[in-house]
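Subject: Structure for handover

Hello,

Here is the structure I said I would pass on. Please look through it before reading my notes below.

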Amino acid sequence: MRTFSFKIDPLTGEEYYEVYARGRQLLNDPHLNKASAFTPEERATLGLDGLLRSAVTDLDAQVDRAYEAFQHKPDDLEKYIFLVALQDRSEVIFYKLVTDHLKEMVPIVYTPTVGTACLQMSNIQRRFRGIYITPENIGHIDQVLQNITLPQVSLIVVTDGERILGLGDLGSDGMGIPVGKVSLYVAAGGLHPHVCLPVCLDVGTNNQRLLDDPFYLGYRQPRLRGEAYERMVETFVMAVKRHFPDALLQWEDFGKGTAFKNLERYRDRILSFNDDIQGTGSTAIAALMTAMRIKQHRFSDERYMIVGMGQAGTGIAMNILAALEAEGLSREDAASRIFAIDMQGLLVDDDPALDAPQRPFAQRRAAVSGWTLEAPGRIGMMDVVRNARPTVLVGVTAQTGLFSEQVLREVGQATDRPIVFALSNPTSKCEATPEQVWKATDGKGLVATGSPFPPMEWNGRILRSSQCNNMYIFPGVGLGALVAKASKVTDGMLLAASRAISGMVTPEQEAQGLMLPPMEDIRRASTEVAFAVARQAREEGLGRLADDAELRLLIEKAQWTPHFVPYRAG
Ligand SMILES: NC(=O)c1ccc[n+]([C@@H]2O[C@H](COP(=O)([O-])OP(=O)(O)OC[C@H]3O[C@@H](n4cnc5c(N)ncnc54)[C@H](O)[C@@H]3O)[C@@H](O)[C@H]2O)c1
Ligand SMILES: O=C(O)C[C@H](O)C(=O)O
Ligand SMILES: [Mg+2]
């Protein structure tokens with residue numbers, strides 16, 4: 001049942017909500033609750049008399065009060081619990097607080113603290129957000145989707161919880177991730193919270209800890225696999241198309257065994273993209289574009305070692321390949337400069353165990369057969385470092401400390417400014433901390449990590465690392481594609497997004513070794529990404545025919561800033 005409608009007064013042009021909910025129901029609805037900001041008139045007409053204390057305060061005062069309480073929380077998990085509780089109480093106050101303090105709040109509602117929260121979600125959860133779809137309710141999915149109380153659904157972030165950050169299979173405790181991504185869609189992208197839906201496809205879990213935990217709140221069965229899983233995903237996607245035909249679907253934190261298949265199966269059937277493959281690839285290439293400017297190099301001046309050829313690794317490798325080809329290299333020549341490593345060591349083309357997405361990045365056996373190896377057989381990281389002398393090192397394995405001092409030191413000797421991206425999340429899974437990289441490379445490394453790290457003093461200089469996280473891409477890609485009314489998200493649109501992000505980094509920031517804009521600029525970065533995406537959609541004939549100025553205006557109009565709207569009783 002609708003609790004309110006958005007209206008515009010025909011005489012004054014004033015925006016207001018016609019509200020049908022009353023009293024306690026209103027206070028319990030985070031979309032509508034204004035807490036002590038309800039005016040005396042609203043209190044009188046909406047059945048709130050006596051349910052609130054006497055003081056009437058404005059939004060800023062409520063945010064100040066919340067910020068004060070936030071600062072007194074003893075640790076990051078308590079801060080997370082506090083912020084989620086605030087979000088459950090009043091979305092406007094929550095988003096105003098987050099947008100006013102982005103640098104401090106994003107690492108709490110999003111990576112890395114959201115990871116800590118997901119690890120114990122069944123214990124800390126107070127209220128549920130979004131929707132949970134299970135093998136038990138997929139049979140009446142239409143009913144499930146009708147239970148959604150949002151006035152409109154334009155943006156969906158869906159996970160099945162199989163690969164939550166680098167923490168593995170967390171079943172539906174992983175719902176914290178879509179919830180956190182939605183928070184950034186609103187805080188960074190500017191989408192309205194009333195149009196964003198987090199979804200968990202709870203198909204069970206193979207995490208024995210959760211299956212044995214009496215407090216686990218998810219579907220307590222081993223993961224659905226094979227045809228039954230695919231049927232469930234298909235039923236879900238088709239239901240989304242029926243109920244929300246214009247919505248954009250973001251695939252998030254699936255396992256690599258399903259992520260590539262889902263992306264390929266649906267990318268042309270529904271407006272969608274995979275954040276871990278495409279969003280990460282797009283962010284990493286943006287950071288590399290900046291690194292090339294800093295080094296005054298072309299992509300073809302570097303040699304690349306990517307460790308962890310799953311979703312993120314493959315997404316990054318595809319974009320490096322494209323960048324090399326754009327410089328005029330043949331596909332074969334371009335691929336020969338990328339040294340891709342997974343569990344078996346360097347990927348080589350005669351390996352029958354290669355996944356289809358890995359195959360384009362396997363080295364030809366003949367190209368490596370003359371290498372001197374530490375031990376015969378497996379070609380490990382150190383072998384690649386010694387024989388191929390990579391100058392760019394990317395880690396997306398979720399293996400803590402995988403980049404040893406020796407590997408980092410040797411990469412540091414292969415070039416003036418080694419580029420080291422240790423992108424695994426959360427912080428505890430990072431392949432190397434910026435400090436470790438700088439120590440091993442004499443302070444020369446251009447460093448990016450997936451989770452945020454503080455700067456470090458080095459010989460009287462302050463060294464800074466960049467947070468290379470897909471949060472720079474997905475909010476703007478979603479906003480841009482929606483505003484453009486694009487029918488799909490293409491590689492061209494993602495490349496335009498990368499260029500926009502890299503283009504924002506100033507010469508001063510480059511001089512400090514920064515490859516991406518600072519977190520404080522994420523809202524402006526998302527706006528630039530949205531514009532680049534919408535323009536590219538138009539150029540590709542897939543989006544709205546509006547000139548650049550109109551697109552800018554449309555994006556500005558679509559972006560919501562947290563504020564209270566007046567209410568009238570309906
Ligand atoms: N910074 C970002 O924006 C970002 C984006 C996506 C993923 N990530 C992080 O990257 C990590 C991986 O994510 P993913 O989606 O690619 O996962 P994935 O499971 O799809 O891929 C991980 C790959 O690493 C390989 N691997 C594991 N241990 C290895 C080792 N010791 N040596 C070589 N290869 C090894 C696995 O076999 C697998 O192919 C996670 O920690 C995730 O949080 C970061
Ligand atoms: O969630 C993040 O912080 C980035 C990325 O999507 C990941 O899976 O690690
Ligand atoms: Mg992810």
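This is a predicted model: local features need pLDDT of at least 70, side-chain atom pairs count only at pLDDT 80 or more; totals for chains, interfaces and linings use all residues.

Residues are numbered from 1 along each chain as its sequence is written, and chains are lettered from A and ligands numbered from 1 in the order in which they are written.

Ligand 2 has Thr-111, Leu-165, Asp-253, Asp-275, Asp-276, Asn-425, Gly-450, Asn-469 and Asn-470 around it (C-beta atom, placed from the backbone, within 6 Å). This shell consists of 1 nonpolar, 5 polar and 3 charged residues (Ala, Val, Leu, Ile, Met, Phe, Trp, Tyr, Cys and Pro are nonpolar; Asp, Glu, Lys and Arg charged; the others, Gly among them, polar).

An open sheet of 3 strands runs in the order 1-2-17, with mixed pairing (strands are DSSP runs of E, at least two residues, numbered from the N terminus; a pair needs at least two DSSP bridges). Strand 1 (4-8) and strand 17 (567-569) are at the edges with a single partner strand each, so one side of each has no neighbour in the sheet. Strand 2 (residues 15-19) pairs with strand 17 in the parallel sense over 3 bridges, and Tyr-17 is opposite Tyr-567 in strand 17.

Residues 87-267 are 48% helix (DSSP H or I, at least four residues) and 10% strand. Residues 277-538 are 44% helix and 12% strand.

Regards
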